[in-house]
Amino acid sequence: MQLTDSVRVIKGIGEKAEKSLNKLNIFRVADLLEHYPRGYDEWKPIQSICSLREGEMAAVEGSLIQRPQMKTRGRLKILSTVIQDETASMPVTWFNMPFLRNQLQMGRRYILRGKVAVRSGRITLDQPKIYTRQEFSRYVGKLRPIYPLTSGLTNHAITKAMEYALKETEDLYECLPADIRKRQDLIGYGKALKQIHFPKDKSQMLSGRRRLVFDELFFYQLALRYIKKRGRSRSVYVIKPQKEVEDFIRDLPFELTGAQQKVYQEILSDLMDGFAMNRLVQGDVGSGKTILAVLALYQTALNGWQSVFMVPTEVLANQHYRVLSEWMENRGVRVGLLSGAMTAKEKREAKEKIAKGEWDIVVGTHAVIQEDVHFCELALAITDEQHRFGVRQREILFEKGREPHVLAMSATPIPRTLALILYGDMDLSVVDMRPAMRLPIRNCVVGTAYRPNAYQFMLHQVQEGHQVYIICPMVDMSEESELENVTLYTEQLRQMYRDEVRIESLHGKMKARQKEDIMSRFSEGAIDILVSTTVIEVGIDVPNATVMMIENAERFGLAQLHQLRGRVGRGSAQSYCIFMTGRESEESTERLRVLENSNDGFYIAKEDLKLRGQGDLFGIRQSGEHIFLLADIFDDAQILIQAQEEAKKMGDREIEKLYENNSRLKSRLENYMGQVTL
């Protein structure tokens, strides 16, 4: 079996499974092997019921002492019983598994493994799987991979396919030269793949992960060298400051901060010096980067040229389009929208207007860099949330015009030393002040016992006319799900609040139009509480939202928690963030205290680097969109520095020889340039 073969060659993968894998961008054997686990399930021996702790995955053995009972809540079917061992008894609950009712026998002994939860002050076991003693003994002491899934796929199916692919693939040969592997103490590529997917222990997993992370960061540095070799390009677009923009700034309902004014002058200087701008504006959430983009777009339009504002999500594109349209409506500037969610007719009409120059400012998603999108005279390209766009995507955007200016923006608070490595081809500006009208967010870190108080506080905020976000890490209740669940959570809240509160849920598996509809209604105040996954992490601006509660906060990185928190505190009212922890360990509490005591993203990022250890790599990754396939710039900061040093040592001819002798490396780098994001 070859890496380039279709996944259909894998035993057990039929047409239906292939289509499901395609949804995960898995088309070839190589794609499957790079579908890394999002975490691991560590199988511990059977525990006594009296020793169980909330939030952990645990196995118990005992007898059923209550006949299984079925209840229905809306579309949810809940099956419950009670299990007892030599130390205590506890309730057991299954969701949407009514068939178990006829299989479970009272008085019989079972081994059950599931998530330990607390309801009404009592320990319970949620959604456990049932094992025979022989089955359970095969797994004890081992790490089982937990993979990202989509509809039609189970973790078991991907695990079986992965085992077969690793066993049968013939060309898992090396990319890295032997001297680099020796200097960096890296294991072989094939061995690393086996250890990341099926490690015998934690040490093996970390060894395999380190090798694969180094590959990603090293290849990225080589890709950056391609960009840097071009040097600064002369631009035909000399954009001169216009008086109307100064009038616009004066008419704003707020004053620009000192940091905004400084960065705006840096952008103006780039736009009119005769060379193509290539600048990254880095600013904390709520620091006011968007207005800087608006000023640059307006300057470009007044100079008679086109500009494009590219963002990573449909929701954010629609939001920016509405804001820009309102601001530019009476100023003679024409604003248009192009996104993937449009109908074929809408896209065709939009592309025609772009090509004819009928729109001065184009707002869009990745749809704006498609081959059939042609600009009349593109002078400025702005990308929001820079870390989500790949190197090649930036290149394509650059090629849409005659050396247009490129302005990138990011709210990810990356320490300057790392930013200079990641964005080494760009000039760096930092917006390090918040607008004065925004009050600091009040934060608290609490355990699950505080939840009733939190619900009462949220109700009070809703009654005062404000809105609330609740963040849950998972979407569907599955056999591997260890965390709070959006669908179930929403149903439970509706039962509790009855008709007092309007509640909706939002997650990444929804269609774009459905997401947009829910977010529009939330923005308009038609929804009081939005239960969501991290899909709201980027680009949702609802000034009326004053409370965010994050469930299982200990499972997220501090940087991502800070991004999520940035969705509140965007208006003039006092805002609050509640970090709810499922496991109150000393380590997780220490990490979350950093957020409780500071709203400064750059400080938080530095502390995150200090506090993170290899143990964090063992947990489940929560990011909706990974920065790399596997690497994390915070966890892997040291490896990033090492990869840069090794890339610097390689001469151009040495790299060319490496490509000539290694077709897999060549395809990996091409794929990296096009798909892997910063």
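Confidence comes first. This is a predicted model, and the protein averages a pLDDT of 84, with 88% of the residues scoring at least 70. Where is confidence lowest, and where is it highest? The lowest mean, 60, belongs to helix α23, residues 663-674, while strand β11, residues 335-338, reaches the highest, at 96. Two stretches call for caution. Residues 475-483 have a pLDDT below 50, and beyond near neighbours in sequence this stretch has 33 contacts in the model. Over residues 674-678 the pLDDT likewise stays under 50; here the model has 25 contacts beyond four places in sequence.

Seven strands, in the order β11-β12-β10-β13-β14-β9-β15, form an open sheet with parallel pairing. β11 and β15, the latter covering 427-431, each have a single partner strand, so one side of each is left without a neighbour in the sheet. On average, and with direction ignored, neighbouring strands here are turned by 20 degrees against each other. Within this sheet, let us look at one pair of strands. Strand β10, residues 306-310, pairs with strand β13, residues 378-383, in the parallel sense over 5 bridges. Which residue of β13 is the bridge partner of S307? That partner is L380.

Helix α10, residues 289-302, lies across β9, β10, β12, β13, β14 and β15, and runs at about 170 degrees to β13. Helix α12, residues 344-356, packs on the sheet as well, touching β10, β11 and β12. The direction of α12 makes about 135 degrees with that of β11.

Strands β20, residues 545-550, and β21, residues 576-581, run parallel and are joined by 4 bridges. Across this pair, M549 stands opposite I578 in β21.

Next, the nonpolar cores. The largest has 69 residues, of which I10, L33 and F218 touch the most other members. Among the elements giving two or more residues to this core are α1, α4, α21 and α22. Which element gives the most? Helix α7 does, with 11 residues. As for F218, leaving aside residues up to four places away in sequence, the residues touched are L176, I180, A643, E646, A647 and M650. A second, separate core contains 56 residues, including I239, A296, V311 and L337.

I close with the cysteines. The structure holds 0 disulfides. Are C50 and C175 buried or exposed? C50 counts as exposed because its relative accessibility is 55%, and the cut-off is over 50%. C175 has a relative accessible area of 3% and is therefore buried, the limit being under 20%.

Key:
Residues are numbered from 1 along each chain as its sequence is written. This is a predicted model: local features need pLDDT of at least 70, side-chain atom pairs count only at pLDDT 80 or more; totals for chains, interfaces and linings use all residues. Side-chain values use heavy atoms; hydrogens and water are left out. pLDDT is the predictor's confidence in each residue, from 0 to 100. Contact means heavy atoms within 4.5 Å. Two strands pair if DSSP finds at least two bridges between them. A disulfide is a pair of cysteine sulfur atoms within 2.5 Å. Buried means under 20% relative accessible area, exposed over 50%, partly exposed in between (1.4 Å probe, protein chains only). Axes are lines fitted to C-alpha atoms, for helices over the stretch in contact, and angles run from 0 to 180 degrees between N-to-C directions. A nonpolar core is a set of buried Ala, Val, Leu, Ile, Met, Phe, Trp, Tyr and Cys residues joined through side-chain atoms within 4.5 Å.
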